[in-house]
Amino acid sequence: LEALGYVHRQGWVHGAILPSHLMFHAENHGLQLVGWIHAVQRNQPLTVVPQTHKLWYPPECHRREPVGPATDIYLAAKSLVHLSGGHLLAGKASNLLPMPLRQFIRGCLLESPRLRPQDAWALREEFTALLEDVYGAPQYHRLDMS
């Protein structure tokens with residue numbers, strides 16, 4: 001959400017927030033957003049919706065309407081559904097996630113882009129607070145992949 005906040009303030013939409021475009025760094029718990037070939041300027045329609053991920057995209061993309069931050073937020077939420085083991089087509093996060101997290105994700109997957117969150121920076125703050133409410137203060141845990 002941090003990267004999206006910056007990108008959106010520069011007037012761009014990534015247009016493909018998909019698991020294949022998320023590069024995780026296990027040791028520092030970081031995430032990089034890669035694969036910028038689908039990026040378009042805000043308020044323009046996406047030029048490409050990959051057929052392999054057609055069902056991941058929000059309605060405005062299928063109607064070739066202009067996209068904005070809500071489009072990337074929708075795609076990020078779909079990726080979270082997938083990564084949590086949820087039901088991708090129904091847009092439902094895994095029941096293993098606490099209800100407040102599932103409700104948060106559901107709010108990012110509303111049909112109308114006008115009803116979805118529009119500001120990735122504000123959404124990041126909200127998500128961080130929600131995670132702290134659900135799981136407590138952040139703690140570093142070394143992830144050993146060897």
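## Overall size

The radius of gyration is taken over C-alpha atoms, and the globule rule is 2.2 Å times the number of residues to the power 0.38. For 146 residues, a compact globule would have a radius of gyration near 15 Å, and the protein chain agrees with 15 Å. Along the principal axes, its C-alpha atoms fill a box of roughly 40 × 30 × 30 Å.

This is a predicted model, where local features need pLDDT of at least 70, side-chain atom pairs count only at pLDDT 80 or more, and totals for chains, interfaces and linings use all residues. Residues are numbered from 1 along each chain as its sequence is written, and side-chain values use heavy atoms, with hydrogens and water left out.

## Helices and strands

The protein chain has five helices and four strands; these are DSSP runs, helices being H or I with at least four residues and strands E with at least two, numbered from the N terminus. Along the sequence the pattern is α-β-β-β-β-α-α-α-α.

## A buried histidine

H8 lies in helix α1 (residues 2–9). H8 has 5% relative accessibility, so it counts as buried (under 20% relative accessible area; exposed is over 50%, partly exposed in between; 1.4 Å probe, protein chains only).

Leaving out residues up to four places away in sequence, H8 touches V13, R42, P69, D72 and A120, where contact means heavy atoms within 4.5 Å.

## An exposed phenylalanine

F24 belongs to strand β2 (residues 22–25). With a relative accessible area of 55%, F24 is exposed.
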